[in-house]
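This report describes a single protein model for a reader who has not seen it before. Please look at the structure first, then read the sections in order.

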Amino acid sequence: MNTTLTPSDKFSLPDQLIRLRQACLSRPMPSLTERRTRLTQLKGALLAHKQALCDALALDYGQRSGYDSLIADILPCVMQINYSLKRLKGWMRPERRHPGLLLAPARVEVHYQPLGVVGIMVPWNFPVMLSLGPLIGAIGAGNRAMIKLSEFTPRTNAVLRTLLGEVFADDEVMVIEGDAELAAAFSALPFDHLVFTGSTAVGRRVMAAAAPHLTPLTLELGGKSPCLIAPDMPMALAVERMIFGKSLNAGQICVAPDYVLLPRGQEQAFVEAYRSHFTRLYPKGLASPDYGSVVNAQQYARLTAWLDEARQAGAQVHPCTSPARDDSAHRLAPHLLTEVPDHCQVMQQEIFGPLLPIVPYDSLDEAIAYVAARPRPLALYLMSLDEPLQRRLIRETHAGGMAINESLFQAAADDAPFGGIGPSGMGHYHGREGFLTFSKAKTVLRRGRFSPGGLIHPPYRRWYQRLMMALFLR
């Protein structure tokens with residue numbers, strides 16, 4: 001399963017998929033014991049390699065706090081396995097449904113079958129959680145998997161290959177590495193389900209590649225997630241609740257706050273509160289061991305180019321610490337941006353880094369309309385203690401998920417679905433929704449020797465058929 005492929009090897013991918021699919025046919029319905037054993041072994045291997053994974057992530061990034069990796073990569077996987085182990089027996093049990101009077105006597109059940117082979121395309125920002133998280137759901141539902149890891153995290157990939165090789169046979173889980181050309185070939189394979197996490201632009205290409213085979217998709221795409229600070233919310237408290245969501249992994253998170261809406265005239269108060277709180281969290285600024293780097297020079301160049309574009313267009317730039325940049329180590333402090341023209345890239349594209357535009361509003365109606373007029377995001381954050389306003393935002397806005405007076409943690413709820421809407425994605429996983437995503441819910445109607453079905457067979461218009469229609473069509 002420790003397979004590293006080059007673009008020229010893309011033609012071997014269909015053969016690998018066929019091999020996994022044949023293994024599925026040999027054992028189409030793994031038992032509860034088999035699934036629990038695999039998940040328990042995966043948890044053990046993950047815990048055994050947790051330090052190696054943290055070290056590898058730090059090397060791949062240049063600087064990444066071990067606690068960031070534990071909190072955002074390792075811990076969610078452990079919690080998801082624990083949650084699944086406790087509930088898997090109930091999820092697998094066939095569900096009795098009501099046949100209704102028209103179909104009686106009959107027994108109707110829904111059986112949950114493994115789909116087969118699940119493809120998982122992993123991004124670079126959380127390569128452990130975003131490879132093992134979908135895998136946990138796929139294995140819990142009884143599937144096999146092919147995992148395409150990001151070429152930008154080679155050291156982490158090496159540990160993942162070792163970890164997974166200790167748990168799974170090569171006809172259960174296959175790990176593949178390669179560049180964008182190989183990723184395109186991977187997305188075009190006829191999987192029974194394909195999970196992609198990444199940008200909206202690449203997500204469109206993945207969806208197009210999957211379309212010829214009608215491959216079912218789960219897309220986690222992100223977008224521009226707003227943070228709305230209401231007039232009633234103390235500014236220091238609002239910043240305290242949202243800043244971690246923009247600081248973890250240096251803001252390279254699909255559900256990180258992407259811009260802030262706040263009452264006009266409060267811009268400077270927000271900047272001062274943000275700078276003050278950032279200093280408390282990271283007292284050494286860029287030199288703080290708890291603050292991470294931008295993953296590589298390519299992403300760093302993108303972010304600094306967008307920052308320069310905004311500055312040249314007239315935006316006011318407020319770095320949170322000095323020095324604010326380390327070009328050689330691709331480290332970038334949070335930069336707050338005010339008076340940003342709408343045409344700038346930071347206002348049009350998902351930022352995926354430590355830049356944060358501030359958008360003032362004159363009324364809550366204006367702020368809500370601003371959010372509603374834009375593509376639906378993966379996350380929406382509201383900072384307000386006003387319960388009627390909280391209910392209004394829940395009722396009147398669309399987003400993949402929402403957090404009130406908090407950031408990020410809505411995605412960590414094991415017993416709730418996680419997924420986007422429209423440009424921010426489609427489908428759900430995590431918890432029971434993950435089990436359902438990776439299962440086929442098959443309806444089974446069962447009858448014995450006696451069946452009333454013949455009563456509706458032709459020739460039609462017999463007296464009892466007319467009586468049945470009169471009874472049910474009302």
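## Two domains

The centres of domain 1 and domain 2, taken over C-alpha atoms, are 31 Å apart. Domain 1 covers 13–221 + 432–442 and domain 2 covers 226–412; these bounds come from an automatic or database domain assignment.

The model is predicted: local features need pLDDT of at least 70, side-chain atom pairs count only at pLDDT 80 or more, and totals for chains, interfaces and linings use all residues. Residues are numbered from 1 along each chain as its sequence is written, and side-chain values use heavy atoms, with hydrogens and water left out.

## The interface

Between domain 1 and domain 2 about 1500 Å² is buried, and carbon and sulfur atoms give 57% of that area. Buried area here is the accessible area (1.4 Å probe) that two parts lose on being put together, summed over both. On the side of domain 1, Tyr 61, Gln 63 and Trp 124 lose the most area to domain 2, together 39% of what that side buries. In terms of contact (heavy atoms within 4.5 Å), 14 residues of domain 1 meet 21 residues of domain 2.

Seven residue pairs, both at pLDDT 80 or more, are in polar contact across this interface. A polar contact is a pair of N or O atoms within 3.5 Å; within protein, one must be able to donate a hydrogen and the other to accept it, and residues adjacent in sequence count only if both atoms are side-chain atoms. Zero salt bridges are found there, a salt bridge being a side-chain nitrogen of Lys or Arg within 4 Å of a carboxyl oxygen of Asp or Glu. Helix 3 (50–61) and helix 4 (66–92) each supply at least two residues of the domain 1 side that touches domain 2.

## Overall form

The protein has 16 helices and 19 strands. These are DSSP runs numbered from the N terminus: helices are H or I of at least four residues, strands E of at least two.

## Local backbone features

Most residues other than glycine have a negative phi, and most peptide bonds are trans. The bond from Ala 104 to Pro 105 is cis, with omega near -5 degrees, and Pro 105 sits in the loop between strand 2 (95–97) and strand 3 (107–114). Pro 458 and Pro 459 are also joined by a cis peptide bond, with omega about 0 degrees.

Leu 214 is not a glycine, yet its phi is positive, about 55 degrees. Leu 214 lies in the loop between helix 8 (200–210) and strand 8 (217–220).
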